[in-house]
Amino acid sequence: MDMSQYLDVFLEESSENLQTLNQNILELEKDPENKDIINSIFRVAHTLKGMAGSMGFTDIAELTHKMENVLDKFRNDILKVDSNIINVLFKCLDTLEIMIDNIRDGNDEKISIDNLIKELENVGESKKEQKDEKSNIDFTLNIYDENIIKQAKEKNYNVYTAEIILTDDCLLKSARSFLVYKTIEDLGEIIKTVPSVDDLEQENFQDRFYIMFLTQKNADEVKDLILNISEIKEVNINSIAESSKSINNLETKKQSDNQLESNNIDVDINKKQENTKAKITKEEEKNKKAHQSVRVDLERLDKFMNLVGELVIHRTRLEQISTNYRLGELHETLEQVGRITSDLQDLVMKVRMLPIERVFNRFPRMIRDLSQELGKDIDLIIKGEDTELDRTVIDEIGEPLVHLIRNAADHGIEKTEERIKLGKPAKGTIKLIAYQEGNKAVIKIEDDGKGLDLEKIKRKAESIGISTEGMSENDIKNLIFMQGFSTSEKVTDISGRGVGMDVVKTKISNLGGTVEVVSEKGKGTAFIIRLPLTLSIIQALLVKVSDETFAISLGFIDRVININVNEIKLTNNKEVILYRDKIIPIIRLSEKLNLKSVESNNKYIVIVKTGEKTVGLLVDELLGQQEIVIKPVGKLLQNLKEYVGATILGDGLVTLILDVAAIV
Amino acid sequence: MQVVIFNIGKERFALETRLVHGIEKMMNITYVPKAPYYIRGLANLRGNIISVIDLKKYLNVDSEKVQENIIIVEVQEEKVGLMVDSVQEVVDITDDMLEKINNENTLTRGVINFKDYIVTLLDGENLIK
């Protein structure tokens, strides 16, 4: 069977599953006793294993299988969650990610999983002995068993769970367990054992096992009888109150040997957990409903948008025709068509939007790793992860954010001892906040660390030949976005190579966004990123230079003025104009683009602002303002940095969109 | 192997049809300042923007004729237009008609011998890189 058609689905879903696993394991680390999280991890890992298996990726299937084994030990309380195991699990996830990436890239490179598997097996083995004595055993009962318990209670039977601990030097574990089993069976009825009777017979347990049973005798009598058997070190008997039972119809348990009923009843000894458990289940169900969606290939969406764009172009043409021939009836219909196409356009834009959650998802894990690496205690607070952005922005914004967050953790947050000395809370906080503001999306990265050191930046600036005289504090702080500007004396693995901030700035500018920094010494630093909600549709000014038409994004334009060429002055061999007492340097677009210049005195200056720079672009004519759809120019012209892309205008002609940031 | 045969100046060239997405009449082409010399500009192909290569300049062939056709080729999911004087025909050729030439010019894959005339077979993948 040809699997290639399922490959995309597999890759997409695996990435999602891995992300979920990452998140869940993080949660598990915080709340190691939560069986729901373990179950959920188990489910996802199982899905991943199944999919990988059916696609023939045996390595992935094998690794997930071993992970499942460890998880299963959590589930059955044979193993306790600790950071050691969590680290190994994370390592597995990272490896799985690389493996899936390799499949995606068609890279055949084989990744050895033997070591990881060994590690997994090791954590499984070595930890068995350290099992916590008070851990609660999950006796999973089906309705049939539950009924027996109920009836037994009515008939005044007691329901007990017994923990039987064998002596360390016990040689015949199965024999001892059999004797215990037999003894209890004589006293009443055994409902369940953990591990199963089979496992008991095969000695598949360490030094202890559990039996749930009904009896009319009281706990002490039973205990005495069991203790009569040799090589028994300890017996703990707990009675089960009916109130601690709750019905959980969470999932159908595959291992259930009773096939009569698919609904399981969990008798959980720890009552407290029940409530939270129920709550979480409810929330989960809610979430599932809210996220009902269809998976659509991005290419199809692009095509869809293209078609809508085409429709808009032809509508404009039709409108032209209808005005030319003054056809009233046609005009009315066209108005309707116009409304519908606008709606359609809005809709297709919205369809392309994704919540920024996609990007934010990976940061909790990153912060966890960073705090381990750096030996700092850091809390990450994420807000507004449902803010929606265009898919293209989502794809590109991850890298700069990673950089900023790493910086915040490495340079921003102080070492714990230092924080305590300064009277700050020992735990550092990094906040990641997203929200919508007008037609912009704002992302803030805030830390409560030491803040930017103004003096250090000044010194650095002067050492690379920038005079900071007359610059406002804010301007000086924003110098950190300049190329080769890193004030960190120590280059760490995490940041400080001086390639960071300018890359961040460039990347964000490329997306049509801005980034600024606000910082107070000793209090912390905040980076504020503003991004356009959608990349593909922008308001633009159409201008004519020589015979060619170009579009300039309104986002850059400060104002447009009409001038006489004679007003252009020369200073220092550079052309400038004086506008409102300000000297503005001029760039003749015709020269910049190697086009022949038009002999005319009456020209226009488009004053554009990018970052700190204000420049006037000299153009021949203004053709008006219009909403345009940005399209890529293709690989052959990719290297031309003068353009951000091209668009198709109402007359069907292609028009280039100037990249103001690159030109000035 | 099936090829499209087209004319530039006095020469004939061919491209494998598996790479050819379509053949268009001359379109409006937007000039792109600062682009490489062989790129004529951008055209609107049913809502998609494609780059158009002036094959005459790219292959350094002299021609005074009016360019009538644009052959749309698709390589690695990218469509590119190739401006030619005119498209002549689509024919099937057999391997024995193809004479490989060993020169440094990686743009060509060989010469197809039609007995009364010869056609240069271009390497579409290398053409668009």
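This is a predicted model: local features need pLDDT of at least 70, side-chain atom pairs count only at pLDDT 80 or more; totals for chains, interfaces and linings use all residues.

From α2(A) come A:Lys35, A:Ile38, A:Ile41, A:Phe42, A:Ala45, A:His46, A:Leu48, A:Lys49, A:Ala52 and A:Gly53, and they meet A:Ile60, A:Ala61, A:Thr64, A:His65, A:Met67, A:Glu68, A:Leu71, A:Phe74 and A:Arg75 of α3(A). Sorted by class, the residues of this contact are eleven nonpolar, four polar and four charged.

How do the two helices lie? Two packed helices are described by the distance between their axes and the angle between them. Here α2 covers residues 35–55 of chain A and α3 covers residues 58–75 of chain A, and their axes come within 9 Å and cross at roughly 160 degrees. An angle over 145 degrees counts as roughly antiparallel, so α2(A) and α3(A) are roughly antiparallel to each other. The crossing of α2(A) and α3(A) is left-handed.

Now turn to chain B. Its secondary structure consists of two helices and twelve strands, which follow one another from the N terminus as β-β-β-β-β-β-α-β-β-β-β-β-β-α. Chain B has 129 residues, of which 35% count as buried. Taking the contacts in chain B between residues at least 6 apart in sequence, 51% join residues at least 24 apart.

Finally, look at where the chains touch. Chain A brings 23 residues to the contact and chain B brings 18. On the chain A side, α11 (298–325), β24 (643–648) and β25 (654–658) each supply at least two residues, and α11(A) gives the most, with four. By class, the chain A side comprises twelve nonpolar, six polar and five charged residues.

Notes: Residues are numbered from 1 along each chain as its sequence is written. Chains are lettered from A and ligands numbered from 1 in the order in which they are written. Axes are lines fitted to C-alpha atoms, for helices over the stretch in contact, and angles run from 0 to 180 degrees between N-to-C directions. Angles under 35 degrees count as roughly parallel, over 145 as roughly antiparallel, 65 to 115 as roughly perpendicular and the rest as oblique. A crossing is left-handed if the near helix is turned anticlockwise from the far one by less than a right angle, and right-handed if clockwise. Two residues are in contact if their C-beta atoms, placed from the backbone, lie within 7 Å. Ala, Val, Leu, Ile, Met, Phe, Trp, Tyr, Cys and Pro count as nonpolar, Asp, Glu, Lys and Arg as charged, and the others, Gly among them, as polar. A residue is buried if 20 or more other C-beta atoms lie within 10 Å of its own, exposed if 12 or fewer, and partly exposed in between; C-beta atoms are placed from the backbone.
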